[in-house]
Each structure stands twice: as structure tokens, then as C-alpha cells.
Amino acid sequence: MSMIKPPHIPPSEITSEEIWQTRRRWLRLAGLGAVAVGAGGLGPAIAGAAEAARPPLASAPNPAYRLDEKLTSEKDITSYNNFYEFGTGKTDPMEYAGDMNTRPWTVSVEGEVARPRVFDIDDLLKLAPMEERIYRLRCVEAWSMVIPWVGYPLSALLREVQPTGNAKYVEFVTALEPEAMPGVRAGILDWPYVEGLRMDEAMHPLTLLVFGLYGKLLPNQDGAPLRVAVPWKYGFKSGKSIVRIRLLEKMPVTSWAKAAANEYGFYANVNPEVPHPRWSQATERRIGDGFFAPRAKTLMFNGYGDQVASLYQGMDLRRYY
Ligand SMILES: Nc1nc2c(c(=O)[nH]1)N[C@H]1C(S)=C(S)[C@@H](COP(=O)(O)O)O[C@H]1N2
Ligand SMILES: [Mo]
């Protein structure tokens, strides 16, 4: 999100330490591969090197979620990211997220459930059959991608812990490792990053618990070792690197709503008719098409209206944005 820009530092105030750090970063990047400068900037060539190291994650393509759209390249998906714990720049996550430890990793599923449980990531990987599903991802910043995710419905995990009748919402709490996360110091959000869904949204078959993309385990910058994908909502609803899932009776306060409630609502359904207070949501830029390519019209519910519109019947979506 481009809501809050890092403070502008006049060149005269940049210390030699900062110059050294910047230089070190560049050297680190340059060492990974040839530098390609184009519409995608530095990212792709570097991500290319990291991709090779990702372990494969077997899955069966689910034909019900195939899209007749060009896939965003693996390089773009892994080098143009929002993951503010690692900085607000699009290539910051690719550059820094490698320092986050994703093993060992546990996910505590708790709250309004009959059988609370702490899952080890390796058990979660075996909990249900892995599917490959191609979903659109639409960021509130008005860019989009088409991504072949690998995972299984979140409902498979939630059923495992037996939600009680009081479970009305699901809260996702994501990892906070300050030593490994240079963006946390900036204090842009109240960490850890928290997101949430209504129970029926969380149980919806489209809501995917994601462990991989392009047939391999997620790279850290995309939310390893697990994140959610909620394709009819703006990207910020899909928390990355989840450590805790709480079932609640009351609506959780999410990080972006806390930071700017008038800009980022709890529902955050993709809606071309409801602009962000500071920019339109009517069109989008497909990442990889180049900055000057024609923008596409954004679809209501990001094109998933047939499947999810009924969840919001009778609700005023201008009020519940
Ligand atoms: N923990 C955490 N999760 C996060 C974010 C973040 O900053 N921190 N950014 C969100 C936003 S704004 C988007 S658009 C998507 C981007 O996912 P991607 O980088 O894999 O495309 O992740 C979401 N999940
Ligand atoms: Mo986003």
C-alpha cells in the first residue's frame, strides 16, 4: 500500500553508514545474477536465482479454478511484493525476507473451538490434498496478478479444530521477527500484521490456505511457510506467514483498519464502484504487461461474484467496504 511514504531523506543527511549499507545491498543483489533493468526493474533476474532453490510441492490442478488468462511470470510474482515487515518497496521483501526463519514453524489454532491445537508446519502440509488453483490477486493499489497457488481450502483446517457456535470471525496473526524484519522498525503498522474474515468467508471453498506457488514451496517474500488467498478481496486481506488463527465471537480489529479505518474496511471486497478515498478502483494494471499497457476494468468481487455475491446479500457495500 502506498498510503504512508517513508520520510524523504535529503542526500546531505545520508550518513556514510547508510551509503555503505546501500552498497552492500547492491553487491548482494548483483552477486545473484545478471542485472536486468526493464519494466520490472531489478527484481526478475535476482528472483530467478532464488527460485531455483525452492523445493517442489506436488499438487493436482483443480480444473474448477482455471482461468483463461495469461499467468503472471514466476519472476514477477516473487519480486514485486507487498510485505511491509520487510519494507515498503516492492523489491524489499525479495531482498530481505530470506533472513526470516520458516523452520521450525508452528501455527496455533485457538479461540472458539472445541479442539484447539498447535500444528507443526510439516503436519499442515499433509492435512489435506494439495491443489493448484489459478487465482487473480487484486491489490488495493490497483495492480493485479494471475497466480498459480498451491494449497487446500482453509475450511479443511478449521473443521479439524471444530469451531463452536460462538465462532463468528477468524483472525489471522502473522509472524513478528523484529531482527529479521527491517520494516518493523518503521512503525507503519501496529505489528504483528493482523487480518480477519467473517466465519462464512473463511469457510468458503474459494478461501485457500496457501503453501506454494508455481509447483514449489512459497518463497518467504510471498508468505512462507503459509498464507491465505482470498481472491475476491483486496490483497491486504491475505495475511502472509501466519502463526496464529483465532476463532472469535467479535469482529477482530485488523492492522490496516487500525491504521486508517476510513481507507481500509474489514470487508475489503474488490469493488470498482467504491473508490479508495484517494484513488479509483475502477481499473487495474496487470503486472508484467508494462506500465503503459492499457489498464483492464476491475470486476466486481474481482470476477468471483457468481461464487461469493450471495454472502453479502442485503448488505450496503458502500458502507461495509
Ligand atoms: N504479513 C503481511 N501480509 C501481507 C502484507 C503485509 O504487508 N504483511 N501485505 C498484503 C498485501 S497489501 C498484498 S497485496 C498481498 C501481496 O501478496 P504477494 O506479495 O504475494 O503478491 O499480501 C498481503 N499480506
Ligand atoms: Mo495490497
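**Salt bridges**

Glu 195 is buried, at a relative accessible area of 0%. Buried means under 20% relative accessible area, exposed over 50%, and partly exposed in between, with a 1.4 Å probe and protein chains only.

A word on the source. This is a predicted model, where local features need pLDDT of at least 70, side-chain atom pairs count only at pLDDT 80 or more, and totals for chains, interfaces and linings use all residues. Residues are numbered from 1 along each chain as its sequence is written, chains are lettered from A and ligands numbered from 1 in the order in which they are written, and side-chain values use heavy atoms, with hydrogens and water left out.

Which residue does Glu 195 pair with in a salt bridge? Lys 237, with the closest N and O atoms 2.7 Å apart. A salt bridge here is a side-chain nitrogen of Lys or Arg within 4 Å of a carboxyl oxygen of Asp or Glu. Lys 237 sits in the loop between β10 and β11, and Glu 195 in strand β7, so the pair ties together parts 42 residues apart in sequence. Strands (E, at least two residues) and helices (H or I, at least four) are DSSP runs, numbered from the N terminus. Lys 237 is buried too, at 0%.

Next, Glu 69. It is partly exposed, at 27% relative accessibility. Arg 136 is buried, at 12%.

In total, the count is 17 salt bridges.
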